[in-house]
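Open the model in your viewer and keep the selection tool ready. This tour goes from one stop to the next.

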Amino acid sequence: MPAGFKVFSKAIALAFTLAATSTAALADQVWLKNGDRLSGNVVSKRGNTLTFNTSYAGELKIDWDEVAQLNTDKPVDVMLKDDEHRQLTLETRSRTGSAAMPTLGEIVYINPNPEESGRGYRVSAKANFGYTQSEGNSTSDQLHADAEMIVRARDYRLTLGGEMDKASVDKKQADDSRRAYGSYDSFFNKREFLFTHGQLQNDRFRDIELRAVVGGGYGYQFYDSETTRLSVKAGLDMVNLDRYNAPRERFAALGWHVDLVHKLTRSDIEVFHTQDGYRGLSQAASVLVQTRTGLRFPLSGGLHALTQLNLDWESDPAPGRKKLDSKVLIGIGYAYD
């Protein structure tokens, strides 16, 4: 073999070796406290979770407390505890830091979204359609539709939504109800907020021409992560109730709201529960409780299958009406986030 060809072959081999070494060096590196080292790309860090993408295992969710060291091969957007933003090529450890390089404990977010950074907002929405079987003041086959949109920034949350039910039995109207609601939450820290809200409801078969509720109060965000969201609100409401056949009602009430969404472990199946209610302040206090509870099963492209139980209970219904209406929904929905 000619000497020149041998030299050329060695040069090619060296070039491939250098390219492979360079590629490995360009990868982000995570060292875990158990001694493992992962190579890939940092996607984000929020809460106590580092999302890390690898070519061999896909996207991994790593407990931030298990990270001993993190290096990136290019600058990432880092947000620290004092809300300071930096564009840094990280080379950091859990116990050592400097003015130029923060410690792992000082990092709140890596590549935060607009909501987390305080520089913008995030819009999420969902809509569901389905068939329900209804028992209570009406027993019927029923078409159900509901939709909700949430605009979330670091300092506020705006929620708008509504639902509708229509049905007929033997070509006669058997159910006709609709509800619209909205709320505005103003956060004064990550957990606590003040809110105002309102709700309008019409339900002919429960003798509700228009129930209007408006009020406000204090709320607490217990959890707000990728897996669990839980908030509770309580305050004072004013209730105006116009009925088709019964006398008008006007009263002040103590109101509350619960919102829970939780993804089951090792699954994208969501369990959700919302509850709205109030109790009148007078001696003959009227009580209303509305709950929406169910499961969302992810399909593809933002679609999900849905099973849901709606319960509406009032302590003092119109004459001839029952206290409880229950509706079981099985349907399909779409979510955008």
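Select strand 21, residues 324-336. This strand gives the nonpolar patch its largest share, 3 residues. (Strands, of at least two residues in state E, and helices, of at least four in H or I, are DSSP runs numbered from the N terminus.) Now select the whole patch: L299, L303, I332, Y334 and Y336. Together they have about 490 Å² of accessible area on the surface. Such areas come from the Shrake-Rupley method with a 1.4 Å probe, and for residues only the protein chains shown count as cover. Patch members have over 30% relative accessible area and no salt bridge; nonpolar side chains (Val, Leu, Ile, Met, Phe, Trp, Tyr) are joined within 5 Å, like charges within 9 Å. A salt bridge puts a side-chain nitrogen of Lys or Arg within 4 Å of a carboxyl oxygen of Asp or Glu.

Before moving on, a word on the model. It is predicted: local features need pLDDT of at least 70 and side-chain atom pairs 80 or more, while totals for chains, interfaces and linings use all residues. Residues are numbered from 1 along each chain as its sequence is written, and side-chain values use heavy atoms, without hydrogens or water.

Stay with Y336, in strand 21. Its relative accessible area is 48%, so Y336 is partly exposed. That class lies between buried (under 20%) and exposed (over 50%), using a 1.4 Å probe and protein chains only.

**Stop two: the whole chain.** Zoom out. Colour by secondary structure to find 2 helices and 21 strands. Of the 337 residues, 40% count as buried. The accessible surface is about 18600 Å², and 58% of that belongs to carbon and sulfur atoms.

**Stop three: a loop residue.** Select S286, in the loop between strand 18 (270-280) and strand 19 (287-298). Is S286 buried or exposed? S286 is buried, at 11% relative accessible area. Show its contacts (heavy atoms within 4.5 Å). Beyond neighbours within four places in sequence, they include F251, Y278, S315 and D316.

**Stop four: D276.** Go to strand 18 and pick D276. D276 counts as buried because its relative accessibility is 18%. Which side chain makes a polar contact with the side chain of D276? That of H257, at 2.7 Å. (A polar contact pairs N or O atoms within 3.5 Å; within protein, one must be able to donate a hydrogen and the other to accept it, and residues adjacent in sequence count only if both atoms are side-chain atoms.) Leaving aside neighbours within four places, the contacts of D276 also include R179, W256 and L288. Finally, draw a line between the C-alpha atoms of D276 and D259: 9.0 Å, with the two residues 17 apart along the chain.
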